Amino acid sequence: MLRVSLALALFCALLTTGLSVRAEDLAAAPAGAIAPGGPSAKGDAGPCAAAIAFAERAKNIPVHLLQAISLTESGRWSDAHDAFIAWPWTVMAEGKGRYLTSMAAAIAEVEALQARGVTNIDVGCMQVNLYYHGRNFASLEDAFNPIHNVAYATTFLTDLRQKRSSWTRAVKEYHSTKPERQEIYRERVMRIWDALKKGRPIGGRDTGLESAGYAYIATAEWPPRNYRAQKQMEAAARARVMTSGQF
């Protein structure tokens, strides 16, 4: 009920600000490349950002924290927005991030993965996991819709905050309940959050993503030795996408 109420509030808020909520209107051009030392990207553009900003205000989440989580989860450079944005048509499965060009393409990708028996799939602005949380959405369309995706993720995060009495712990558990899986994620979210609060570039040298994308991949062992090494490889691969436009 809380998620439904928040989704309705987001829907109404976006309508009153003149922003369309139709999937076809949310679609944007594919991302290009990040130029090192290029323009500052504050993460407040794109189809996910309006819903996230409203959710932060509505649920008293620290400013830019939910935005930082979204950029950690699905962030990419968009030439169309001239910014580093959370991308609504992102699918993560089998250790590979996929940035699709539309909701229809993202749904088709998920359906193809499910047809092969893949169940551990993250989707949308906030990369909600379908295995654990998919039953909370009426359809894949709902799961990818930025309003519903952000509303569910917001309720999940604020529930964790209430249980743990700490935003830091809530951020960690948003990703995983296993301590060994939490620290890299927390560091990435906090780094991006700090950049957002200071108006610094997202996805360049200031975040450490550029060097990770090129230096780490060049020296990494394959297959990864453990879960931490696997997550480092995934983070580096995402960074490579952000800085090269290759995916």
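**Strands, a buried helix and some rings**

Let's start at a strand pairing: Ala93 stands opposite Lys96 in S4. The model here is predicted, so to speak of local features takes a pLDDT of at least 70, and side-chain atom pairs count only at pLDDT 80 or more, while totals for chains, interfaces and linings use all residues. Residues are numbered from 1 along each chain as its sequence is written, and side-chain values use heavy atoms, with hydrogens and water left out.

Strands (E, at least two residues) and helices (H or I, at least four) are DSSP runs, numbered from the N terminus. Two strands pair if DSSP finds at least two bridges between them. S3 (residues 90–93) and S4 (residues 96–99) run antiparallel, joined by 4 bridges. Their hairpin has 2 residues between the strands, and Glu94 takes a positive phi near 55° there. S3 also pairs with S5 (residues 121–123), again antiparallel, over 3 bridges, with Met92 opposite Asp122.

In a regular strand, side chains alternate between the two faces of the sheet. In S3, Thr90 and Met92 point one way, Val91 and Ala93 the other, and all are buried. Buried means under 20% relative accessible area, exposed over 50%, and partly exposed in between (1.4 Å probe, protein chains only).

Now for helix H4 (residues 65–74): 10 of its 10 residues are buried, so the helix is largely enclosed by the rest of the structure.

Finally, a charge sits over a ring if NZ of Lys or CZ of Arg is within 6 Å of the ring centre and within 35 degrees of the ring normal. Arg76 does this over Trp87, 4.9 Å from the ring centre, and Lys197 over Trp193, at 3.9 Å.
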